[in-house]
Amino acid sequence: MTLQPLPEKEMVQRALDGDVRARTEIVLRHQDLVYNLALKLTGNPERAECVLQETFLKVFEKLDTFRLDSALGTWIYRIATNAALMMLRQRKGRLVPMEEEGDDEETSRYARMLKSLDRDPLELLLDTEFKDALERAMAQLPDSWRVPFVLKDIEGLSLQEIAQTMNTTVPAVKAALHRGRTALRDHLAEFIEAREAADQKSSQKRVG
Amino acid sequence: MQDKCRAFMERLCTALGEDLNSPVCTELKEHLESCPDCTLQLDSVRRTVEIYRSIPCAHVPGEMQKRLLARLNLPLMDLPEDL
């Protein structure tokens, strides 16, 4: 006989009573949500794993404070966000200024980038080298730029919520968000430029 | 980039932190229609955000899940697949 998933309230109640199956079910239902968020916020699988473990330790430690009339996923999501931010604070986020480019060079680079990206996003993401470059660019961002980018542009939180979570002001979040977005755009443009140059070189070799 | 574009970009930098349909952004868009350089700036950032949004969800690898359950003192068990 196949086991049926437990209704959420019953699952929480049973987990509070020490039911091992209910606890495991809570983990398995929410582990991908937590891991994805942690991976994006920390930009590193090892750190994401630490956040994953810390989050669920906290979930079971605080489960008796969870209100049964609210959504468990939202509650866990908040704990995971705090766990990730705590980890980033402890390791003191890097602040690496981006290099400035010459104006003309910059403008034509973005035009080439847009031309090269004139494909379906799904098709682009099947290109492993491209996907790796996206992840690398995100991991290289200073934490203080990556966190607002992930929370606003990927997770869809409001500026107010992000400011509260990060213990800062809305204008500060806006400024960091802009820096994060343009830095990722610049990393992407750089990657595309390098790849096109390599392609050109190899086709010249073939002709020669 | 011309001086008028530079001033515009400063405002755009602030406005980009807002929803793209906010009143400030709407005003900026009017300028964009007549300025190819600024259009390029905005389009390239917008495209970057779109691409990042479309990255598919990662799953917790099997070994990592085992370590997680061990840390929580929970056993590996067969649970419904459609959790």
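**View 1. Helix 1 of chain A and helix 2 of chain A cross in a left-handed sense.** The model shown here and in the following views is predicted. The contact draws on A:Glu8, A:Met11, A:Val12, A:Arg14 and A:Ala15 from helix 1 of chain A, and on A:Ala22, A:Arg23, A:Glu25, A:Ile26 and A:Arg29 from helix 2 of chain A. Sorted by class, the residues of this contact comprise 5 nonpolar, no polar and 5 charged. Helix 1 spans residues 8-16 and helix 2 spans residues 20-42; their axes come within 8 Å and cross at roughly 125°. The two helices of chain A are therefore oblique to each other.

**View 2. Helix 3 of chain A packs against helix 4 of chain A.** Helix 3 covers residues 45-62 and helix 4 covers residues 72-90, with an angle of about 130° between them and their axes 9 Å apart. Helix 3 of chain A and helix 4 of chain A are therefore oblique to each other, and their crossing is right-handed. On the side of helix 3 of chain A, the contact is formed by A:Arg47, A:Cys50, A:Val51, A:Thr55, A:Phe56, A:Lys58, A:Val59 and A:Lys62. These residues meet A:Trp75, A:Ile76, A:Ile79, A:Ala80, A:Ala83, A:Ala84 and A:Met87 of helix 4 of chain A. The contact between helix 3 and helix 4 of chain A has 11 nonpolar, 1 polar and 3 charged residues.

**View 3. Helix 4 of chain A and helix 8 of chain A run roughly antiparallel to each other.** Helix 8 comprises residues 143-154, and helix 4 of chain A packs with it at an angle of about 165°, the axes lying 11 Å apart. Because angles over 145 degrees count as roughly antiparallel, this pair of helices is described in that way. The crossing of helix 4 of chain A with helix 8 of chain A is right-handed. A:Tyr77, A:Thr81, A:Leu85 and A:Leu88 of helix 4 of chain A are in contact with A:Asp143, A:Arg146, A:Val147 and A:Leu151 of helix 8 of chain A. By class, this contact contains 5 nonpolar, 1 polar and 2 charged residues.

**View 4. Domain 1 of chain A meets domain 2 of chain A.** The domain assignment places domain 1 of chain A at 8-92 and domain 2 of chain A at 116-205. The centres of the two domains, taken over C-alpha atoms, are separated by 26 Å. Each domain of chain A contributes 12 residues to the contact. Between them, domain 1 and domain 2 of chain A bury about 1,000 Å², of which 63% is on carbon and sulfur atoms. Of the area that domain 1 of chain A buries against domain 2 of chain A, 46% is supplied by A:Lys40, A:Leu41 and A:Tyr77, more than by any other three residues. A:Tyr77 also belongs to the contact of helix 4 of chain A with helix 8 of chain A.

Methods. Residues numbered from 1 in each chain as written. Chains lettered and ligands numbered in written order. Predicted model: local features only at pLDDT ≥ 70, side-chain atom pairs only at ≥ 80, totals over all residues. Heavy atoms only, no water. Axes fitted to C-alpha atoms, helices over the stretch in contact; angles between N-to-C directions. Helix = DSSP H or I, 4+ residues; strand = E, 2+ residues; numbered from the N terminus. Parallel < 35°, antiparallel > 145°, perpendicular 65-115°, else oblique. Left-handed = near helix turned anticlockwise from the far one by under 90°. Contact = heavy atoms within 4.5 Å. Nonpolar A, V, L, I, M, F, W, Y, C, P; charged D, E, K, R; others polar. Domains from an automatic or database assignment. Buried area = accessible area lost by both parts, 1.4 Å probe.
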